[in-house]
Amino acid sequence: MSFTKRQFVAAALALLPLAQAQQPATTDPGNPSLKTYKCSKSGGCVAQDTAIALDWNYHWIHTVNGYESCTTSSGVNTTLCPDAATCSKNCVIEPANYTSSGVSTSGDALTMHQYVKSNGVYGNASPRVYLLGSDGDYVLMQLLGQELTFDVDMSTLPCGENGALYLSEMSGSGGRNEYNKGGAAYGSGYCDAQCPSELWKNGTLVPGGSPYCCNEMDILEGNSRANAYTPHPCSADNCDKGGCGFNPYAQGKTNYWGPGGTVDTSKPFTITTQFITDDGTQTGTLKEIRRQYIQNGQVIANAKSSAGIDSITEPWCESVDSAATTFGGLTTMGKALGRGMVLIFSIWNDASGYMNWLDSGSNGPCSSTEGNPSNIISQDPDTHVVFSNIRWGDIGSTFNAPGGSGSTTTTTAAITTTTKATTTTKTSSTTTTAGGATQTQWGQCGGQSWTGPTACVAGTTCKVQNPYYSQCL
């Protein structure tokens, strides 16, 4: 995540009460369910009993026996909260209001709005949520030697917006302790590679705040005009804040990503990211991060630069990122992926830098001022992102490489490139010719602007998840 993540956090704190996770006011945190899928080659994809937790900054904290806020616009009320123990005694945390925070779920689809309308006026919501397990802790995805696949609709995200799906090595419990019994269920314990200053570092009050660094893997940061995926490894007290991000536009592929592009962002599509190890196991050393897309029944290989670069590797990282070696590069990132990282979803914009690092200049087609939030709220107040059909597990298990009539599809243990005439792969494979345009189980089969297959394979039915997404289940 770029340096502007810190600015995003600062903006959120300025707009919302600084809710610090204290004793829960109720026994039910009210976390909306979000179905996800854990996949394996032997057992297929199995639905998981998961939910989302809104970041604790979006929860209301007030006195135990009244409604006086325990927080201020710049921190905690020092009379009520001079320390963690006293604050825990004096204050309670309420369940979040997901609707007013711009968040909704339906089946396996999560929709997040930048702005929410109240009494006829749009206000900034900019939500951030975490994937929560049925045990009340965050799901710790162990993705070393594995892959992560999801569907996304970014069609309403203009220049300056960032619909992000990423991983951070947060505590699974959210720092739950005797003074913070709500923990992960209330969205506590946030950290990332920008080392944000936290008043409550992993759930524990730190007067004046303290930087909280942790390994971060940005799977997707993007809008309808540009995107990037970036590893951010860390040392004990600092991180590779810039990282070696792969942005197709920056690689010279200016027509690859965008409305009507190779990846047509005016319509939903699927993203698969693979974390390849040197020995093909879940205990090896991370050597490469690969990417592919699926849209309209076709596999789309990642963009390739004129130098032949189409994935993130250690040599490439070292050539474009001077800090890569300092923080251990892909080796450090791989160890974090092996230990387990929390899946995070957010939507945000940047009032100071206008998201230029992502979509302007050499990184995208947007002008230096298009991303001004005042432009976005006046021209695109309904801007939102939809993440759905989230699957993770063995490489080759989270997607079926589809193909329309007349196409040739190669299914392998690693991401492949599929074209009409030829198929190239990075490993040995078995090639088959696809039949008609019938969608596979778990695949998209309908929704607003969808032009791909609408018929499902035998044994599954096309079911509406939200206006933008229907799925073969």
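Tutor: First, a term. A cavity here is a set of grid points where a 1.4 Å probe fits but cannot get out. Its volume is the space filled by probe spheres set on those points.

Now the setting. This is a predicted model. Two cavities of 30 Å³ or more are found in the structure. The second largest cavity holds about 40 Å³ of space.

Next, the lining. Arg225, Ala226 and Asn227 are among the lining residues. Asn247, Pro248 and Tyr249 also belong to the lining. Lys253, Thr254 and Trp257 line the cavity as well. By class, the lining has four nonpolar, three polar and two charged residues.

Step back to the whole protein. The chain forms six helices and 35 strands. Of its 473 residues, 58% count as buried. Its accessible surface is about 17,300 Å², and carbon and sulfur atoms account for 50% of that. Of the contacts between residues at least 6 apart in sequence, 68% join residues at least 24 apart.

Last, confidence. The pLDDT averages 86 over the protein, and 83% of the residues score at least 70. Residues 2-21 have a pLDDT below 50, yet this stretch makes 62 contacts in the model beyond near neighbours in sequence. Residues 403-413 also fall below 50, with 48 such contacts. Where pLDDT is low, predicted coordinates should not be read in detail.

Note on methods: Residues numbered from 1 in each chain as written. Predicted model: local features only at pLDDT ≥ 70, side-chain atom pairs only at ≥ 80, totals over all residues. Heavy atoms only, no water. Helix = DSSP H or I, 4+ residues; strand = E, 2+ residues; numbered from the N terminus. Buried < 20%, exposed > 50% of the residue type's maximum accessible area, 1.4 Å probe, protein only. Contact = heavy atoms within 4.5 Å. Areas by Shrake-Rupley, 256 points an atom, 1.4 Å probe, with all protein chains shown as cover. 1 Å grid on protein atoms, 1.4 Å probe; cavity = no way out; pocket = protein on both sides within 12 Å on 5 of 7 lines; lining within 4 Å. Nonpolar A, V, L, I, M, F, W, Y, C, P; charged D, E, K, R; others polar. pLDDT = per-residue confidence, 0-100.
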